[in-house]
Amino acid sequence: MKTVYADNAATTALCPEALEVMVSCLKDNYGNASSMHHSGQAAADVVFEARQDIAACIGADVNEIYFTSGGTESDNWAITNAARLGAKKGKKHIISTTFEHHAVLHTLMMLEKDGFEVTYLDVHEDGYVRVDEFTKALRDDTCLVTIMYANNEIGTVQPVEEIGAICKEKGVYFHTDAVQAVGHLPINVKEQNIDMLSFSAHKFHGPKGIGVLYCRKGIPLISFMQGGAQERNKRPGTTNTPAIAATAAALKKSCEEMDKNISYVSSLRDRLIDEIVRIIPRTRINGGRSPRLPGNVSFCFEGIEGESLLLYLDLKGICGSSGSACTSGSLDPSHVLLALGLPHEIAHGSLRLSLSEYNTADEIDYIIEQLPLVVERLRDMSPVWEKIMKGEN
Ligand code: PLP
């Protein structure tokens, strides 16, 4: 059976360059990068070079890069650190959006319990923050703005540069969760006025369990774990040399090939969207079409359940994802789709297909052939669809 991996927003395959450098570190360069001897120093050299390469890819300085265990840790660290700095000055207001990843939302919920006030900006039906609404939400006691670069479910890209410029002018820290954007879109933290930026290697063909926090020089950063002196005393724990080297290899490659990848992947995306909307009736695309991540396709099909759709697609060899999260036994629609104002019954029929440069035109043809058949089959069994057809819904 043909297999198509179209879940690259969840994670990506390791690229050969990352695999090679990872294996070589594990086999030959296994010293502890904090050790004084030659083996440790050889590992430290690899980490130093990786840090330089990563910094160059996002327009940062080498000393502004901190390695973490992934996007979740980077988000938690950036937000709690900025909140702590704000609280010291009596500033306990934060601005974010309703459709952030849970790594951000749950951190904010924790801070709300500690007396912070959070304004969650509406992202409207098209999945974009409005800069004028953001400006109106700013207050004298705002200490942090945390707005994602690109949404993981619907792929909409936010006006980060404009928001950053306003934050800079007002002297408010600006953090962006760029987990879905780094390696896929050109980013320059200085030009885009970004104070803190989180990302994760496994979203751009690097390994899992390794992430980066960029934190602008001059922002006091305090470790939220206790231990050794790694990462310039800011983030304890033995340095993960193989994963760090592989992150740099994967990011360098993604950045070198970015223009080519953006044009190739977005052409696959557009063809998939156009054909599916043409073939399958009562389909909606979630989020505005531009600016949108090159690989993101997000649909809602009326009258069916996203979970069943995923299972049937999997039987056809197609890996996708649904926006729904199974929480405490009940199937809740995704908070992202609800943030767009979609009714529950429509949000339940969601499907995200996320593409990468590893996908081929043949694979897109296969999805275009199979997806309508699967949707039709599920609709034939669906009492909800029957009602829609009778005009009762
Ligand atoms: N933020 C966004 C937007 C994400 O998509 C993800 C992962 O899917 C994360 C944060 C968490 O990243 P990690 O899996 O590296 O912890």
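Author: Buried means under 20% relative accessible area, exposed means over 50%, and partly exposed is in between, with a 1.4 Å probe and protein chains only as cover. Strands (E, at least two residues) and helices (H or I, at least four) are DSSP runs, numbered from the N terminus.

Reader: Okay, and how do the residue numbers work, and where does the model come from?

Author: Residues are numbered from 1 along each chain as its sequence is written, and side-chain values use heavy atoms, with hydrogens and water left out. This is a predicted model, where local features need pLDDT of at least 70, side-chain atom pairs count only at pLDDT 80 or more, and totals for chains, interfaces and linings use all residues.

Reader: What about β3, which way does it pair with β5, parallel or antiparallel?

Author: Parallel, over 3 bridges, and β3 covers residues 93–97. Ile95 has Val145 in β5 as its bridge partner.

Reader: Is β6 buried or exposed?

Author: Buried: 5 of the 5 residues of β6 (residues 173–177) are buried, so the strand is largely enclosed by the rest of the structure. Both of its faces are covered, with Tyr173, His175 and Asp177 on one side and Phe174 and Thr176 on the other.

Reader: Switching topic. Which residues are closest to the ligand?

Author: The closest are Thr72, Asp177, Gln180, Ser200 and Lys203, out of 13 residues that surround the ligand. A residue counts as near if one of its heavy atoms lies within 4 Å. Asp177 is also one of the buried residues of β6.

Reader: How far are the polar atoms of Thr72 from the ligand?

Author: A polar side-chain atom of Thr72 is 2.6 Å from a ligand oxygen. For Ser200, a side-chain N or O atom is 2.5 Å from an oxygen of the ligand, and for Lys203 that kind of distance is 2.6 Å. The ligand taken alone exposes 390 Å², and the protein buries 85% of that. Those areas come from the Shrake-Rupley method with a 1.4 Å probe; for residues, only the protein chains shown count as cover.

Reader: What kinds of residues make up the shell around the ligand?

Author: There are 2 nonpolar, 8 polar and 3 charged ones. Here Ala, Val, Leu, Ile, Met, Phe, Trp, Tyr, Cys and Pro count as nonpolar, Asp, Glu, Lys and Arg as charged, and the others, Gly among them, as polar. Helix α3 (residues 71–88) gives the largest share of the shell, 3 residues.

Reader: How many disulfides are there?

Author: The count is 0, where a disulfide is a pair of cysteine sulfur atoms within 2.5 Å. Cys25 is in no disulfide, and the nearest cysteine sulfur, that of Cys15, is 14 Å away. Cys25 is buried, at 3% relative accessible area, and Cys300 is buried too, at 1%.

Reader: Where's His205?

Author: His205 is in the loop between β7 (196–200) and β8 (211–215). His205 is buried, with 3% relative accessible area. Its side chain has a polar contact of 3.3 Å with that of Glu357; a polar contact is a pair of N or O atoms within 3.5 Å, and within protein one must be able to donate a hydrogen and the other to accept it, while residues adjacent in sequence count only if both atoms are side-chain atoms.

Reader: And Arg232, where is that?

Author: Arg232 is in helix α7 (residues 230–233), and Arg232 is partly exposed at 32%.

Conventions
Two strands pair if DSSP finds at least two bridges between them.
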